[in-house]
Amino acid sequence: MKMSARPGIEEYFLKIASVVAERSTCRRHHVGAVAVRDKHILATGYNGAASGLKDCLELGCLRDEMNIPSGTRHEICRGIHAEQNVIIQAGLHGVSLEGSTIYCTHTPCVLCAKMLVNARIKRYVSFGRYNDKGFISLFKEAGIEVDIKKKPPSRISYLD
């Protein structure tokens with residue numbers, strides 16, 4: 001029986017971010033984020049409406065209805081971004097993200113990038129690109145390393 005190759009740590013956490021994204025309630029992008037330090041998951045987050053409130057799957061997308069292009073006018077949206085939710089979840093559970101790496105399915109918008117700078121992350125790893133490049137100069141100035149990787153395979157290997 002042939003054993004499949006064990007995924008590297010970067011692929012592993014990007015695959016986890018992809019699974020987290022499956023919980024998204026956004027009609028445009030399913031985004032997942034995982035905060036990691038010393039190879040341990042600190043918190044996860046996905047994009048969607050505030051907890052307990054009606055979401056876009058139920059109500060429809062305000063941004064689509066108003067023809068708002070991706071990457072603009074973030075305030076016209078019911079959703080909270082995955083990176084915002086990973087920061088919120090860490091805060092709710094008393095976990096500092098200082099020095100952590102964020103693995104995310106997409107690059108951040110500039111608003112999320114500002115929050116991640118203040119959360120003192122050290123690294124951001126992604127495979128997808130969001131339509132907002134404002135994070136690049138911000139992360140560079142803050143000394144946050146950015147790695148854009150290949151999209152990990154969606155296949156999960158089981159040893160039955």
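I began with the fold and noted that E5, H5 and E6 form a right-handed β-α-β unit. Right-handed here means that, with the strands pointing away from the viewer, the path from the first strand over the helix to the second runs clockwise. Helices (H or I, at least four residues) and strands (E, at least two) are DSSP runs, numbered from the N terminus.

The model is predicted, with local features requiring pLDDT of at least 70 and side-chain atom pairs pLDDT 80 or more, while totals for chains, interfaces and linings use all residues. Residues are numbered from 1 along each chain as its sequence is written, and side-chain values use heavy atoms, without hydrogens and water.

I next looked up the pairing of E5; two strands pair if DSSP finds at least two bridges between them. E5 and E6 (residues 123-128) run parallel, joined by 5 bridges. E1 and E5 run antiparallel, joined by 4 bridges. I found Cys 104 of E5 opposite Ala 33, and its bridge partner in E6 is Ser 126.

I then checked burial (under 20% relative accessible area, 1.4 Å probe, protein chains only). In E5, 6 of 6 residues are buried.

Finally, I examined the nonpolar cores, sets of buried Ala, Val, Leu, Ile, Met, Phe, Trp, Tyr and Cys residues joined through side-chain atoms within 4.5 Å. The largest has 18 residues, and Ile 102, Ile 121, Tyr 124 and Phe 139 have the most contacts inside it. Elements giving two or more residues to this core include E1 (32-37) and H6 (135-142), and H4 provides the largest share, 3 residues. A second, separate core of 9 residues includes Phe 13 and Val 34.

Definitions and conventions. Buried means under 20% relative accessible area, exposed over 50%, partly exposed in between (1.4 Å probe, protein chains only).
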